[in-house]
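Let's take a walk through this protein together. Have the sequence and the 3D view ready, and follow along one piece at a time.

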Amino acid sequence: MKKINIAIDGPASSGKSTIAKRLAERLNYVYLDTGAMYRCVTLLALKGQVEAENSPALNELLESIDIQFETDSEGQKIMLNGRDVTKAIRQDHVTQAVSAYSAIDRVRQAMVERQQSWARNHSGLVMDGRDIGTVVLPDADLKIFLTASAAVRAKRRFLENQAKGLSEQTIEELTEAIEARDYYDAHRENSPLKAAGDAIVIDSSDLNLDQVEEKVLSLIEEKE
């Protein structure tokens with residue numbers, strides 16, 4: 001059976017990363033979490049007090065940063081300069097700042113180059129983010145744009161954070177933050193969040209993860 005490349009885009013907390021991971025595991029595909037890459041840049045910049053603007057300091061950070069994805073019995077780990085930052089990149093202060101750093105031209109260029117290089121060296125790839133189908137993998141065999149209402153996404157993020165002990169934000173605060181992130185991502189000048197013209201839009205507001213997964217699997221079967 002032919003392996004294909006799959007691009008999954010969508011707004012914050014739409015479930016795209018969870019679905020991408022499940023698909024990769026089920027199909028024995030490679031999974032690349034592009035959002036984690038921007039979070040790594042943000043975490044490192046915040047620690048080094050590097051402002052969210054084009055600067056020699058930011059360029060130096062991008063040239064030296066080492067991001068690796070490792071998989072063990074507990075799942076995928078995000079390694080930043082040799083350290084496991086899987087949980088650290090999901091902290092509130094990183095979440096609140098990541099849009100500003102990911103909107104910088106030099107940051108997006110550096111990360112997109114790495115993502116495209118990864119894609120060239122792997123067949124059978126699931127990649128999720130906000131500009132995968134439009135910028136990173138414009139020739140992907142299957143493009144999915146996964147979305148849901150802001151209220152539903154906020155509730156999902158709240159439950160996820162509670163389970164992981166990551167945040168004390170209320171559902172109302174998360175809804176406000178998600179709506180602000182949506183606006184910022186959709187209106188940024190470089191690679192704004194939008195569905196590719198040939199993407200299949202799936203609204204998961206009234207669907208659970210199993211239902212979304214089965215819907216995408218049926219689309220994959222049509223492509224293979």
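Which residue in S6 does Ala 7 stand opposite? Ala 7 stands opposite Met 127. Keep in mind as you look that this is a predicted model.

## The sheet

Start with the strands. There are 5 of them in an open sheet, in the order S2-S6-S1-S7-S8, and the pairing is parallel. At the edges sit strand S2 (30-33) and strand S8 (200-203), each of which pairs on one side only. On average, neighbouring strands here are turned by 20° against each other, ignoring direction. As background, strands of a sheet pair through backbone hydrogen bonds, in either a parallel or an antiparallel way.

Now check the pairings one by one. S1 and S6 are joined in the parallel sense over 5 bridges, and the Ala 7 and Met 127 pair belongs to these two strands. S1 also runs parallel to S7, with 4 bridges between them, and there Ile 8 stands opposite Ile 144. Strand S7 (residues 142-147) in turn has 4 bridges to S8, again parallel. In that pairing, look for Phe 145 opposite Val 201 in S8.

## A well-covered strand

How many of the residues of S1 are buried? The count is 5 of its 5 residues, so this strand is mostly covered. In a regular strand, side chains alternate between the two faces of the sheet. You can follow both faces of S1 here: Asn 5, Ala 7 and Asp 9 are on one side, Ile 6 and Ile 8 are on the other, and all are buried.

## Helices over the sheet

Next, find helix H1 (residues 16-27). H1 lies across strand S1 (5-9), S2, strand S6 (125-129) and S7, and runs at about 175° to S6. Helix H2 (residues 34-47) lies across S2 and S6, at about 40° to S2.

## The annotated binding site

An unreviewed UniProt entry places a "binding site" feature at Gly 10, Pro 11, Ala 12, Ser 13, Ser 14, Gly 15, Lys 16, Ser 17 and Thr 18. Two of these are worth a visit.

Is Lys 16 buried or exposed? Lys 16 counts as buried because its relative accessible area is 7%, under the 20% cut-off. Thr 18 has a relative accessible area of 34%, so Thr 18 is partly exposed. Leaving out residues up to four places away in sequence, Lys 16 touches Ile 8, Asp 9, Gly 10, Pro 11, Asp 128, Gly 129, Arg 130 and Leu 146. The side chain of Lys 16 also reaches the backbone oxygen of Gly 10 at 3.2 Å.

In soluble globular proteins, nonpolar side chains tend to be buried together. Here the largest nonpolar core has 37 residues, and those touching the most other members are Leu 62, Ile 67, Val 85, Val 107, Met 111, Met 127 and Leu 137. Among the elements giving two or more residues to this core are H2, helix H3 (56-64), helix H5 (105-120) and S6. H2 gives the most, with 7 residues.

One last stop is Gln 115, which lies in helix H5. Gln 115 counts as buried because its relative accessibility is 0%. Beyond residues up to four places away in sequence, Gln 115 touches Leu 32, Thr 34, Met 37, Tyr 38, Met 127 and Val 136.

Note on methods: Residues are numbered from 1 along each chain as its sequence is written. This is a predicted model: local features need pLDDT of at least 70, side-chain atom pairs count only at pLDDT 80 or more; totals for chains, interfaces and linings use all residues. Side-chain values use heavy atoms; hydrogens and water are left out. UniProt positions are given in the numbering used here, feature names are shortened, and annotations may be inferred rather than shown by experiment. Buried means under 20% relative accessible area, exposed over 50%, partly exposed in between (1.4 Å probe, protein chains only). Contact means heavy atoms within 4.5 Å. A polar contact is a pair of N or O atoms within 3.5 Å; within protein, one must be able to donate a hydrogen and the other to accept it, and residues adjacent in sequence count only if both atoms are side-chain atoms. Two strands pair if DSSP finds at least two bridges between them. Axes are lines fitted to C-alpha atoms, for helices over the stretch in contact, and angles run from 0 to 180 degrees between N-to-C directions. A nonpolar core is a set of buried Ala, Val, Leu, Ile, Met, Phe, Trp, Tyr and Cys residues joined through side-chain atoms within 4.5 Å.
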